[in-house]
Amino acid sequence: MTTPPALLIAGHGTRDEAGAEAFRDFVRELGRRHPELPVAGGFIELSPPPLGEAVAELVERGVRRFAAVPLMLVSAGHAKGDIPAALSRERERHPGVSYTYGRPLGPHPALLRVLERRLAEAVDPSWDPSEVTVLLVGRGSTDPDANAEVFKAARLLWEGRGYAAVETAFVSLAQPDVPGGLDRCVRLGARRVVVLPYFLFTGILPDRVRHQSEEWAAAHPQTEVRSADVIGPEPELLDLVWERYEEAVEGDLRMNCDSCVYRIALPGFEDKVGLPQQPHFHPDDDGDHHHGHHHGHGHAHSSAH
């Protein structure tokens, strides 16, 4: 029987020791869950162990093949550039070692369920969701694609769950910042706001989100502001990392199927799961549809998935 590739978890790194230890605990738990293969984890920056040390640990254990999964919610500079560069360097350091590279974690329905739990923990049970505005706060990036993924997560969290709105803000490098995001919520009529950090573990930046939210709330007593917790090392996160590992091993790196209404039962769209797909017309497209000519805008979900 062929030995399965090892699992390497690549983390961002934090100056917050509790956050770094949460990552290391998470890696250890993955190892306990999957004793059939070596599991190691390392950071790109700021925290020990560095990613190179984690690769060296695997090599010392006799590993020749591994799958690397970035423990990150969005595909920003670290996931797109820094981790692949680091892995390429390690391949040169350890001749004969090969690897595949998985994709970041979000936005995945399992994580949206955890975010929903975090919201439920933060609000008063008597509150009607239709009177609650959520401010989802991401890390922030100079990469517009990465920032757009946070907006996508916000939209998916809003769909079918009954909240008044799910707005988006960032704690660094991108606008709107946390105070600007809260200002926007109020301009849209919010009286109750839950600030929801889009972060996996505790750390300097999630702490900053909470601090800035509390400062803003103190200056705006007419608005009730609650702060929710980070995602944390939940079972859903452990399962999702394993899913990303299996994708990388099997070469099944798909399109955005995690949030596809024809694959996954999303709130309010459960009846669409498994529906056969037919080409359909887009009335605003160029082209003469009246003569049966169209541009084939079908969704081949049934076969492509």
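1. Buried means under 20% relative accessible area. T223 has a relative accessible area of 4%, so T223 is buried. This residue sits in the loop between helix 7 and strand 8. Which residues is T223 in contact with, leaving aside its neighbours within four places in sequence? They are V186, A190, R191, V193 and W216. Two of these names return in point 3: V186 belongs to helix 6, and W216 to helix 7.

2. Now the overall picture. The model is a predicted one. The protein chain carries nine helices and eight strands. It has 305 residues, and 48% of them count as buried. Take the contacts in the protein chain with a separation of 6 or more: 74% of them come from residues 24 or more positions apart.

3. Helix 6 spans residues 178–187, and helix 7 spans residues 204–219. The two pack with their axes 9 Å apart, at an angle of about 50°. Helix 6 is therefore oblique to helix 7. The crossing of helix 6 past helix 7 is right-handed. On the helix 6 side, the contact uses V178, P179, L182, D183 and V186. Helix 7 contributes V209, Q212, S213 and W216. By class, this contact of helix 6 with helix 7 has six nonpolar residues, two polar and one charged.

4. Helix 4 and helix 8 form another packed pair. Their axes lie 9 Å apart, and the angle is about 165°. Angles over 145 degrees count as roughly antiparallel, so helix 4 is roughly antiparallel to helix 8. Is this crossing left-handed or right-handed? The crossing of helix 4 and helix 8 is left-handed. Helix 4 makes the contact through A110, L111, R113, V114 and R117, and helix 8 through E236, L237 and L240. Five residues of this contact are nonpolar, three are charged and none is polar.

5. The salt bridges come to a count of 25. One of them joins R118 to E234, with the closest N and O atoms 3.3 Å apart. This pair links distant parts of the chain, 116 residues apart. R118 is in helix 4 (residues 109–122). E234 is in the loop between strand 8 (224–227) and helix 8 (235–250). Is R118 buried or exposed? R118 has a relative accessibility of 9%, so R118 counts as buried.

6. R28 and D25 form a salt bridge through their side chains, at 2.4 Å from N to O. Both residues lie in helix 1 (residues 17–33). They are three residues apart, about one turn of the helix. R28 counts as partly exposed because its relative accessibility is 40%. D25 has a relative accessible area of 38%, so D25 is partly exposed. The pair also belongs to a network of salt bridges that links E17, E21, R24, D25 and R28.

7. A further salt bridge brings together the side chains of E224 and R226, at 3.3 Å from N to O. E224 is partly exposed, with a relative accessible area of 33%. R226 is partly exposed, with a relative accessible area of 25%.

Conventions
Residues numbered from 1 in each chain as written. Predicted model: local features only at pLDDT ≥ 70, side-chain atom pairs only at ≥ 80, totals over all residues. Heavy atoms only, no water. Salt bridge = Lys/Arg side-chain N within 4 Å of Asp/Glu carboxyl O. Helix = DSSP H or I, 4+ residues; strand = E, 2+ residues; numbered from the N terminus. Buried < 20%, exposed > 50% of the residue type's maximum accessible area, 1.4 Å probe, protein only. Axes fitted to C-alpha atoms, helices over the stretch in contact; angles between N-to-C directions. Parallel < 35°, antiparallel > 145°, perpendicular 65-115°, else oblique. Left-handed = near helix turned anticlockwise from the far one by under 90°. Contact = heavy atoms within 4.5 Å. Nonpolar A, V, L, I, M, F, W, Y, C, P; charged D, E, K, R; others polar.
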